[in-house]
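Please have the sequence and the coordinates open.

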Amino acid sequence: MEVVTLNNPLSEKPAVSDEEKSRIRLAASLRQQSLKALIGIIWQLSITGLAILLSLQGQWYWWLLGQMALSIVMVQWFFLLHDFGHGSYFKSKKLNDVFGLLASVFSLLPYYPWKLVHHAHHKWTGWREFDPTIPERKFEELTPGQISLVDFCWKYWIPIFAFSYTIQTFYKLSRLRLLFPGKRNDQKMSRSIYFIALAHLSMLILLGPILYIQLWLLAFILYLTISDPMLLSQHTHLDYHDIEIEDVKPVRHIDQSFFSRSIVYPLWMEKYLLYFSNRHGLHHQFPWIPTYQLGKMENPEENRISWLEWLRIAKSMPGHLLIFRSTKHTGVKL
Ligand SMILES: [Zn+2]
Ligand SMILES: [Zn+2]
């Protein structure tokens, strides 16, 4: 498939090719499966329990192993939260919502803000101005101090990106209320935030401050450190539609692979660590496929890159250019 212009890669694309039709047919058959969902959630709860148990041990080596495991488990709860938010993991909406709230305690992403923002993200992928997951601040508005901070932290793996993005996007109720008005939304969003706060406050009281820090602090820092490149690998630096010269309309799901990146890892990592959540372009094409079925489909050709190659190119760039500019400005394709 030929990418014709950087501004509008869809401009000479046929409506739907035969190859796409067969992929769509396969994708349509990949729905929730109760047994796979049950096994998946039991597995996740078990490894979470083990990671917590190890993290509460007195010997430093067990604690360290537990913290590393817990950081990965936290990332995985985020992947599952993503599926629960789509309603794609369990057949039952209630189960998706209940486990979505549980997942939020580990991933620290409030469930209903996540769900609403993420649905809007899927609708408006390709349009910087309408996608609520794109940073509000524009390149031209960056101060020299902000540029230095972003460049320094990106270069030296100081995990500020996922953290500040999460606070801005999922915890800032004033912005969320504007994006998703209505009393019902307001209640659900604020309760999701209070739920995480309450769960952690309860743990703090139950365990006491020392054990609470022993359990969460290092795992949380590692979780953020892993999350930064993962978050930035999904859409950052891809050319989006230009609101100045193009008609605004949502991009069809099947075409969203032009505006989303699929990162290729060794298969064992994709399957056991990442639950195939790295196949982000594929997910954008078929958002109903549960994570435990995504491995049955290949990534789309567009914006597919190996994880080491992405990291090499991305880390060689100044952070502010990587995040706030795209290929058409820098000429860097990744
Ligand atoms: Zn996305
Ligand atoms: Zn999604």
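At what angle do helix α4 and helix α9 pack, and how far apart are their axes? In this predicted model, helix α4 covers residues 93–107 and helix α9 covers residues 183–235; they pack at about 55 degrees, and their axes are 9 Å apart. Because angles under 35 degrees count as roughly parallel and those from 65 to 115 as roughly perpendicular, α4 is therefore classed as oblique to α9. The crossing of α4 past α9 is right-handed. On the α4 side, the contact is formed by Leu101, Ser104 and Val105; α9 contributes Ser192, Phe195, Ile196 and Ala199. Sorted by class, five residues of this contact are nonpolar, two are polar and none is charged.

The next topic is the nonpolar core. The largest one has 44 residues, and the members that touch the most others are Val73, Met74, Trp77, Leu81 and Ala103. Which helices each supply at least two residues of this core? They are α2 (34–55), α3 (60–86), α4, α5 (111–124), α6 (144–155), α7 (161–171), α9 and α13 (319–324). Helix α3 gives the most, with ten residues.

Val73 can be followed individually. When neighbours within four places in sequence are left aside, Val73 is in contact with Ile47, Thr48, Ala51 and Phe106. Another core lies apart from the largest one. This other core has eight residues, including Ala27, Phe276, Phe286 and Leu294.

How values were computed: Residues are numbered from 1 along each chain as its sequence is written. Chains are lettered from A and ligands numbered from 1 in the order in which they are written. This is a predicted model: local features need pLDDT of at least 70, side-chain atom pairs count only at pLDDT 80 or more; totals for chains, interfaces and linings use all residues. Axes are lines fitted to C-alpha atoms, for helices over the stretch in contact, and angles run from 0 to 180 degrees between N-to-C directions. Helices (H or I, at least four residues) and strands (E, at least two) are DSSP runs, numbered from the N terminus. Angles under 35 degrees count as roughly parallel, over 145 as roughly antiparallel, 65 to 115 as roughly perpendicular and the rest as oblique. A crossing is left-handed if the near helix is turned anticlockwise from the far one by less than a right angle, and right-handed if clockwise. Two residues are in contact if their C-beta atoms, placed from the backbone, lie within 7 Å. Ala, Val, Leu, Ile, Met, Phe, Trp, Tyr, Cys and Pro count as nonpolar, Asp, Glu, Lys and Arg as charged, and the others, Gly among them, as polar. A nonpolar core is a set of buried Ala, Val, Leu, Ile, Met, Phe, Trp, Tyr and Cys residues joined through C-beta atoms within 7 Å. A residue is buried if 20 or more other C-beta atoms lie within 10 Å of its own, exposed if 12 or fewer, and partly exposed in between; C-beta atoms are placed from the backbone.
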